[in-house]
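Here is a short report on one model.

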Amino acid sequence: MIFNSLTFIFLCFIPCIICVLFIEKIGGRLRVRIQNVILVLFSLLFYAWSGTQYIKILAFFILLNYLLGFFVKKSRVVLALGILLNLGILFYYKYLNLVITTYNDILHRDFFLWEIIAPLGISFVIFQCISYIFDVYHEKGKVCRNLLDFALYISFFPKISQGPIVKCQDMEGQLKYRKITFHKFIQGLERFIIGLSKKILIADILGQTSGGIFYNMEMGMDAGTAWIALLCYTFSLYMDFSGYSDMAIGMAAMFGFDFKENFNFPYLSTSVTEFWRRWHISLGAWFREYLYFPLGGSRKGNVYLNLFIVFLATGIWHGAAWVYLFWGAMHGACVVVERYLMRRGWYEKIPAIFRWAATFFIVSIGWITFNVTKFDEFTEFLGYLFGRGTPVSFTWLFYLTPRLVTLWAVVIFGTLIFSRRKVQVQLSKWNEESQIFNGVKYVLLLACVFLCFITSVSEGYQPFLYFQF
């Protein structure tokens, strides 16, 4: 069950919000407790849709880390054991087959491969579990003594499959005391519609073009076609993942929760370092707090080595293939080089437009690894980009349709306009004071809902790209 499916909207989300709003009439803490029960039940329904057998795994994570929270506070042994248990389970589901396959390839063996299907959002679940026991041990957060609250923290369906990664201490107060106001509900609904539109009306259409080109990569392509595929995927991945985050944040707000932003116009970055402060913000914050700082950060050890290790881990986290390790190493090397160059006076004198172009190029090239499974396929596509491809019977003009150009323009100009602080302030002012602005806004949102519905019915729906991680 995915957010952009009619099944989710009509069988999970709408019934859940109706139940929660009905209970909102009850006063006191009992209201929140009943709402938490409802949210846990619907979260389990959401999770069970991917396979009822995974409910047992989710329940195990909840009980294991709930109990660890009581014993980890004064015991480094319990902390280490808890982290190893969580990472061990992650290794089994995501990386065991990669290790076995590599072993067979190197030693020419035929060791048995298990058919292992990872549970939905296991990487995000485990990272939240580790952050919880780590924070309790270091007294950055309190022990969650209520099992229902902890179960909701781990399983809350808006964030369980793709994040954002939320720390227990940031959600703790809201698990016990929250109120759904009309203003907050409408804001959440607007955010949900925006995210749904980004996914269905932009990301999926761009993804169809890039997916078709990458799928037929062995047939060869000209340089123009390769660049169209790369740009389509670059924009599609951003609109897809940021659209999901918008929907998650919007749904959370409709249930009375406040989640932090997960994207901040990352493609405007003028360095890879800045890109990682703007892209998947919750993941970058997790690695910084729970790996980079424990390694010594910039105060202990070799800061360049610490940074490189963090990005290797980021690459491994993204997938069970060696190309992801290469992707992490590439970003790590860029961040290390940037940190070294930033100490040189001449670096800041480079015009921002050139630093932006270099950053966008590096980031876009890195996304190739998300579409291939082997390193030789990565180098093959790089060859296509620079005109070393196999002759083909069609050219890039076949793909450069008016619809594609229009979508590129929407993404580019939308990013350039809405990223400006003055524009955001003015829109916020109009939203509070102008009835005309709100009238136009709601007409556009209703039009987006209609278009999303028509598109979903006529063309079906595509899973979110980050589901694979």
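Lys-167 sits in the loop between H8 and helix H9 (168-176). Helices here are DSSP runs of H or I with at least four residues, numbered from the N terminus. The model is predicted: local features need pLDDT of at least 70, side-chain atom pairs count only at pLDDT 80 or more, and totals for chains, interfaces and linings use all residues. Residues are numbered from 1 along each chain as its sequence is written, and side-chain values use heavy atoms, with hydrogens and water left out.

Is Lys-167 buried or exposed? At 18% relative accessibility, Lys-167 counts as buried. Buried means under 20% relative accessible area, exposed over 50%, and partly exposed in between (1.4 Å probe, protein chains only). Lys-167 touches Ser-131, Asp-135, Tyr-153, Glu-289 and Tyr-290, not counting residues up to four places away in sequence. Contact means heavy atoms within 4.5 Å.

Tyr-153 also has Lys-159 over its face, at 4.9 Å from the ring centre. Elsewhere, the charged end of Lys-94 sits over the ring of Trp-317, 5.6 Å from the centre. The rule: NZ of Lys or CZ of Arg within 6 Å of the ring centre and within 35 degrees of the ring normal.

Next, helix H1. Its 18 residues (6-23) should span 26 Å at 1.5 Å a residue, and the end C-alpha atoms are 25 Å apart, which agrees. The expected span is 1.5 Å times one less than the number of residues. H1 bends by about 30 degrees at Phe-13, and Pro-15 follows within four residues. The bend is the angle between axes fitted to the seven residues ending there and the seven starting there. Buried residues of H1 include Phe-8, Cys-12 and Ile-23. The buried residues of H1 pack against H2 (29-48), H8 (157-160), H10 (182-215) and H11 (223-254).

Now the aromatic pairs. Rings of Phe, Tyr and Trp (its six-membered ring) pair if their centres lie within 6.5 Å; planes under 30 degrees apart count as stacked, over 60 as edge-to-face and the rest as tilted. The count comes to 58 aromatic pairs. Phe-235 and Phe-360 form a tilted pair, 6.3 Å centre to centre, with 35 degrees between the planes. Phe-235 lies in H11 and Phe-360 in H17 (residues 352-366), so the pair ties together parts 125 residues apart in sequence. Phe-326 and Phe-375 form an edge-to-face pair, at 5.0 Å and 75 degrees. This pair links H15 (residues 322-341) and H18 (residues 375-385), 49 residues apart.

| Residue | Relative accessibility | Class |
|---|---|---|
| Phe-235 | 8% | buried |
| Phe-360 | 15% | buried |
| Phe-326 | 29% | partly exposed |
| Phe-375 | 43% | partly exposed |

Methods:
Helix = DSSP H or I, 4+ residues; strand = E, 2+ residues; numbered from the N terminus.
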